[in-house]
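Please look over the sequence and the model shown here before reading on. The notes after it are meant to be read alongside the structure.

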Amino acid sequence: MSQTAGNATGFKKSALALGLACLPMGGCHYLRTPVSGGQAEFSGHRPLRPQDIAVPTGFRVELVASGLTFPTAVVFDDERRLYVLEAGYSYGDSWALPRLMRLEPDDRWTVIASGDRNGPWTGAVYHQGFFYIAEGGQLEGGRILRLDKNGRASVLVEGLPSLGDHHTAGPAIGPDGMLYFGQGTATNAGVVGDDNDFLGWLGRFPDFHDIPCEEIELAGHNFPTAKGLTGAFVPIGTITSPGQRVTGRLPCNGAILRTPLEGGELELVAWGFRNPFGLAFRGSELFVTDAGYDERGSRPVWGAADLLWKVREGAWYGWPDYSGDRPLSLPEFARGKGSLPLVLAKSPGKPPRPSAWLPSSAFSAGIDFSTSSAFGYVGDAFIAQFGDRAPFSGPVLRPVGFKIVRLRLETGVLEDFAVNKGRQNGPASLSSGGGLERPISVRFDPSGHSLYIVDFGVITTRDKAASPRKNTGVIWRITRRV
Amino acid sequence: MKAGSWSRLAAACLWLATAGCSARRSEPISKAELLTDKPSERGRVVFMEHCNRCHPGGEAGLGPALNHKPLPNFVKRYMVRRGIGSMPAFPQQLINDSDLKDLMSYLTALKRHERGADQTALEEINSRR
């Protein structure tokens, strides 16, 4: 027997012996039932117990407000008063009125402004007497709204391509005095498919599809759907051919865009994102969270990370052919079974390396940076993870997300900051706890001493369909104990 | 039986063996910062780039939990290099030998961080009684 063969036999024996020796120690329930975060049975009552949320030693959690319907952001005016944005729309095609509301000292709410059925209002920022709101635009297309403190609104940008999966989101004011925002893609991976019908929008807008920001050349791959073979960047049922060119234009999908605060020409900052949801500046540098591909639809992608990008002007960030700087043609994105065809004949560029790789399926959403030594972790990013939407977005073995994480930007090291207690991670509704459900954004107050968490509320996802529950949204606050 | 089948069988046995233990190790749960030396600090950076997307913090996500598996390092190294099930292989070009060694140090540190996590879970259970 050769040396190599002898080593191989020894390895087999030791591995098997070790496995068999350990077998009697365990139970097998863990293997049998993959559990996603949305699989809870929700009774209709959401218990709220800040003590059910674990935070690092020295911090405490408080409940600020509850009973909200699909809250997505908090914002502070120059008198440090707290405002909450309610989206007015949730996945699951559940509609309500988008609202901006102020929390009064006696805990009453004053409604500053209401929208119509064109939610979700996904994010807001306050700057020099005005609120700037990203209107998701599920029925009429995305808009950027400017509201004064009395709720008088003007439209800065409209006609954004937000009728699909991902919306207009995350406004942030840059050091150049411009308003930056994200525009999500219509689809998961560039191809309209049956998953979009399931989400509800394809029935309303059968011709809607992704629009590139610059001209692209297609490889001509087409994918099966119920309406026939479909290519990338075209309506469902439309076949593309190799070398076919698609003209780019503004506004486009999967982009960071900017506009002057008074309104004016729309400018492209960068493109090739999928769902650029959370935007925040650290000094003069813009960072954006980008939710990774799902394993769904005509072009499902497995194991794609959520990403945090540092935004470089003019760069292309890889969608729909890369995850980070890794092409989707690698076997890892097809569960090791073959590989996915790339839809672009020629990439518009080489995507940069992400600032951080975040857990797949977590939907890493809102982001803010600590600036106060009183809170600590100065310069670190805090990111709200909404949590998985399995099985619709692809299966998971255990719930992913449903927490606040802290990221050390210099190393890309991610750590939990606020999570529900218990034997395993997940939303409070899954463990009958009273803690976090679906955190969607975070924001430090103007002093930087307190971190506010916007918790969207309960969404169950049994049998693939999302069932969002109104009046279950919550605002939490985390401060360091003196 | 082929070599790949043997290793898969062994890995499945070990997975079963640890089903009852909590995999949670993060600071809010364990109430203690993870103590790391230089190699495991470097290994943590490798973990964040290549492993964390499917095993967040070493817990289960898209992939199974790693923190409570009594796998010896040579088996872990084998799984990283060869892949298993849906988990892709990570060749030298992605994780070189030095980084792989650091990664093993980090996984060991993470696993040893168990006591605090279990204590917290116990306190949590007691407080609800």
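What follows is a short briefing, grouped by topic.

This is a predicted model. Chain A contains five helices and 33 strands. Of its 482 residues, 62% count as buried.

**Overall picture**
- The accessible surface of chain A is about 17,400 Å², and carbon and sulfur atoms account for 51% of that surface.
- Taking contacts in chain A between residues at least 6 apart in sequence, 60% join residues at least 24 apart.

**A four-stranded sheet**
- In chain A, four strands make an open, antiparallel sheet with the order 3-4-7-8.
- Its edges are strand 3 (71-76) and strand 8 (109-114) of chain A, each of which pairs on one side only.
- From one strand to the next, the twist averages 25°.
- Strand 7 (residues 99-103) of chain A runs antiparallel to strand 8 of chain A, and five bridges join the two.
- In strand 8 of chain A, A:Thr110 stands opposite A:Arg102.

- In soluble globular proteins, nonpolar side chains tend to be buried together.
- The largest nonpolar core has 37 residues, of which A:Ile144, A:Phe233 and A:Val301 touch the most other members.
- Strands 10 (130-135), 12 (153-160), 14 (178-183) and 17 (255-260) of chain A each supply at least two residues of this core.
- Strand 12 of chain A gives the largest share of this core, three residues.
- Apart from this core lies another, of 28 residues, including A:Leu308, A:Ile367, A:Ile383 and A:Val413.
- Leaving aside residues up to four places away in sequence, A:Val301 touches A:Ala189, A:Tyr293, A:Asp294, A:Glu295, A:Leu328, A:Phe333 and A:Leu340.

Methods: Residues are numbered from 1 along each chain as its sequence is written. Chains are lettered from A and ligands numbered from 1 in the order in which they are written. This is a predicted model: local features need pLDDT of at least 70, side-chain atom pairs count only at pLDDT 80 or more; totals for chains, interfaces and linings use all residues. Side-chain values use heavy atoms; hydrogens and water are left out. Buried means under 20% relative accessible area, exposed over 50%, partly exposed in between (1.4 Å probe, protein chains only). Contact means heavy atoms within 4.5 Å. Accessible areas come from the Shrake-Rupley method with a 1.4 Å probe; for residues, only the protein chains shown count as cover. Two strands pair if DSSP finds at least two bridges between them. Axes are lines fitted to C-alpha atoms, for helices over the stretch in contact, and angles run from 0 to 180 degrees between N-to-C directions. A nonpolar core is a set of buried Ala, Val, Leu, Ile, Met, Phe, Trp, Tyr and Cys residues joined through side-chain atoms within 4.5 Å.
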